[in-house]
Amino acid sequence: MYTVKHGAFGDRALAEEPTARAAIGRMFHEAAAEYTDPGHPHGCLVIHAATNCTTPEVEASLRERRNANIAAFQSRIEADVAAGELPAGADAGALARYAGAILQGMSQQARDGASREELEALAEIAMVIWPRT
């Protein structure tokens, strides 16, 4: 239920936006809203749950989910490089890890009390370095 309701914004952005840049930017902004929603604990369950559990199976499952997100970002970025939406030399793997690090950092910041507005500002700054053709 969590991944369908609260965690689906990333998949939707990747599927609906015309470019990786638009998808990642949208994802950052939707994360700011979702991670600070007063209706549930702040941050992302998949990012933070492993720090609170002791079973190797749960830790491995959550790690696989996070790595699958990075792989989805990379695939989308690679498609944009192939389509000429990003420079030919763009490092899709590094950009995907960057996007994952920003999302994970936003989650932690939300848990530590950052507001939606503060995370929205971070999302704007994060996209400034995104390469353009």
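The packing of helix H7 against helices H3 and H6 is described below. The model is predicted, and local features require pLDDT of at least 70, side-chain atom pairs count only at pLDDT 80 or more, and totals for chains, interfaces and linings use all residues. Residues are numbered from 1 along each chain as its sequence is written, and side-chain values use heavy atoms, with hydrogens and water left out.

Helices (DSSP runs of H or I, at least four residues, numbered from the N terminus) H3, residues 20-35, and H7, residues 116-128, have axes that come within 8 Å and cross at roughly 165°. Axes are lines fitted to C-alpha atoms over the stretch in contact, with angles from 0 to 180 degrees between N-to-C directions. H3 and H7 are therefore roughly antiparallel (angles over 145 degrees). Their crossing is right-handed (the near helix is turned clockwise from the far one by less than a right angle). The contact (heavy atoms within 4.5 Å) involves Arg21, Ile24, Gly25, Phe28, His29, Ala32, Ala33 and Tyr35 of H3, together with Arg116, Leu119, Glu120, Ala123, Glu124, Ala126 and Met127 of H7. It comprises nine nonpolar, two polar and four charged residues (nonpolar: Ala, Val, Leu, Ile, Met, Phe, Trp, Tyr, Cys and Pro; charged: Asp, Glu, Lys and Arg; polar: the others, Gly among them).

The axes of H6 (residues 92-111) and H7 come within 11 Å and cross at roughly 165°, which makes H6 roughly antiparallel to H7. This crossing is right-handed. Tyr98, Ile102, Met106, Gln109 and Ala110 of H6 meet Leu119, Leu122 and Ala126 of H7. Seven of these contact residues are nonpolar, one is polar and none is charged.

Note on methods: Helix = DSSP H or I, 4+ residues; strand = E, 2+ residues; numbered from the N terminus. Parallel < 35°, antiparallel > 145°, perpendicular 65-115°, else oblique.
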